Structure formats: C-alpha cells, structure tokens
Amino acid sequence: MMKRLCCLPASALLLSLVTLQVQARAIHECIAVPQASIATDMPAGLDEFEQHLWTANTGQVVSKGTGTLLLLRLFSESPGVIDSQQFTKITGSLKGYTPSSEGMPEVVDAHLTSGGAGFAHKGDYWLSHSADVELHQPHKGDGRIEVKVTAVGWNSYRKEDRSFYLQFTCQLKEIPVEKLSAWQGGGGNLLVPPDSRVEQNACNHFCNDWQC
C-alpha cells in the first residue's frame, strides 16, 4: 500500500487522504431521561462473556425510576481499520432539571466507562465512579450545551489508571426510558450504536454484535 501511495501524483494522494478522513465517524449524544434510575442488578442467566460486557457498562444501564439522568454517549470508528471502534459513556443524575428551566442543572454521581468495543469482553476498559461533569450553555435558547468531563478511570485488565478530559458541544434531547436504544442505555447491544457498520451483521446476542 505504501509503495502505491508513493507513486501517486500529489493531487491523487491528497484525494486519497481526504477520502480516508471523510470515512472516519464520530458520535456525540447528550440525553436527558426523566423518571429514570441507574440499573444496578445484573440480569440472571448471563454467561461469562455476557457478564463481562454487563460489568463494562456498570453505571450506564437505565431503568424506570424517580429521578432524571444525563446520558453522554461518545463513539468513534474508522471503517476499514481493525479494532478502531472506541466508546465512552458517562451517566449521572441531574439536579434541578426541568425541560423549560433556565440555566444548567448540576450533574452528580456520574459514572464513566471507556475503551475499545472489541476488547470489553476481556475486561479491557476503564471505569470511574466519580466523574466530574460540567454543563454550560454558550448561546441561550438554541438547546446546545457545552460539556466538560474530567475523571480518572481504572483498568483492571491492564492494572493501570488513565486520566480523562473531554470537552464537546452537543444538542440536549429528552428521551423517555422506554424509547432508549440499547446503545443509549436500554437492553441489548450496550457498546455499539445501532447504526454502526458492525450492527448490520448483528446476531442479536447480548452486547456482542461486533463478534458476529
């Protein structure tokens, strides 16, 4: 591949690089979920593989409740690049949230999980149960929020920690618990968004579509 690229004219090489950049994909979702709580009980009947994946989503699975949750879902991949799928999920409770309220609510008790979607079943991911999340609204009235997340996650597979600092802007949308996709916090595939390329060959097994 390198030999072929070196022999291309500059214009063709630039076009090839631009094409590769366009193929890369990133997803940022910011979701408020009313009448919700974080699910803490692992479903019965999961095999060892599925249990590892459930544990990778500790603090990210949503069930009916009485509070309001904030779900931050980040996913990136480069089609054609092996093991390029990376996920980061943050879930916390929103204090003082109402859809029409002015100002940004406080985020408390936030959990973070992050890693490669293809390695979570081995326990290779980072977990934090004390992520710090700040919300700001740069322009009032347009529904967009600026998110800042800082956390230190522990990877029990690698026996190491990692510092996280995330900053991005997204549109805050409200979704009821029963309308959440599995990726967002419902049941099913927990680590890969529903429109991901790997989802096209899904085997509908709990959270291991990328292995099918």
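Q: Let's start with a single residue. Is K159 buried or exposed?
A: K159 is exposed, since its relative accessible area is 60%, and exposed means over 50%. Keep in mind that this is a predicted model.

Q: Where is K159 found?
A: In the loop between β7 and β8.

Q: What's the phi of K159?
A: About 60°, a positive value, although K159 is not a glycine. Most residues other than glycine have a negative phi.

Q: OK, and what about the phi of D109?
A: Also positive: D109 has a phi near 50°, and D109 is not a glycine either. D109 lies in strand β5.

Q: Buried or exposed, that D109?
A: Exposed. Its relative accessibility is 59%.

Q: New topic. How many disulfides does the structure hold?
A: It holds 1. C30 and C170 form it, with sulfur atoms 1.6 Å apart.

Q: Where in the chain are those two cysteines?
A: C30 is in strand β1 and C170 is in strand β8.

Q: Which hand does the link have?
A: Left-handed, with -90° about the S-S bond.

Q: And are C30 and C170 buried or exposed?
A: Both C30 and C170 are buried.

Q: Now the inside. How many residues are in the largest nonpolar core?
A: It has 23. Among those with the most contacts inside it are L72, I90, V133 and F168.

Q: Which strands supply that core?
A: β1, β3, β4, β5, β6, β7 and β8 each give at least two residues.

Q: Pick I90. What is I90 in contact with?
A: Beyond its neighbours within four places in sequence, the contacts of I90 include L70, L72, A110, L112, V133, V149 and L166. Q60 and R73 are also among them.

Q: What about a second core?
A: A separate core has 10 residues, including A56, Y125, L127 and W183. In soluble globular proteins, nonpolar side chains tend to be buried together.

Q: Last topic, pockets. What volume does the second largest pocket have?
A: About 180 Å³.

Q: What lines the second largest pocket?
A: There are 13 lining residues, and L74, S76, Q86, F87 and T88 lie nearest its centre. β1, β3, β4, β5 and β8 each give two or more residues to the lining.

Q: And by class, what is in that lining?
A: It has 6 nonpolar, 6 polar and 1 charged residues.

Technical notes
Residues are numbered from 1 along each chain as its sequence is written. This is a predicted model: local features need pLDDT of at least 70, side-chain atom pairs count only at pLDDT 80 or more; totals for chains, interfaces and linings use all residues. Side-chain values use heavy atoms; hydrogens and water are left out. On a 1 Å grid over the protein atoms alone, a cavity is a set of points where a 1.4 Å probe fits but cannot get out, and a pocket is an open set with protein on both sides within 12 Å along at least five of seven lines; lining residues have an atom within 4 Å of a point. Grid points are joined across faces, edges and corners, and a volume is the space filled by probe spheres set on the points. Helices (H or I, at least four residues) and strands (E, at least two) are DSSP runs, numbered from the N terminus. Ala, Val, Leu, Ile, Met, Phe, Trp, Tyr, Cys and Pro count as nonpolar, Asp, Glu, Lys and Arg as charged, and the others, Gly among them, as polar. A disulfide is a pair of cysteine sulfur atoms within 2.5 Å. Buried means under 20% relative accessible area, exposed over 50%, partly exposed in between (1.4 Å probe, protein chains only). A nonpolar core is a set of buried Ala, Val, Leu, Ile, Met, Phe, Trp, Tyr and Cys residues joined through side-chain atoms within 4.5 Å. Contact means heavy atoms within 4.5 Å.
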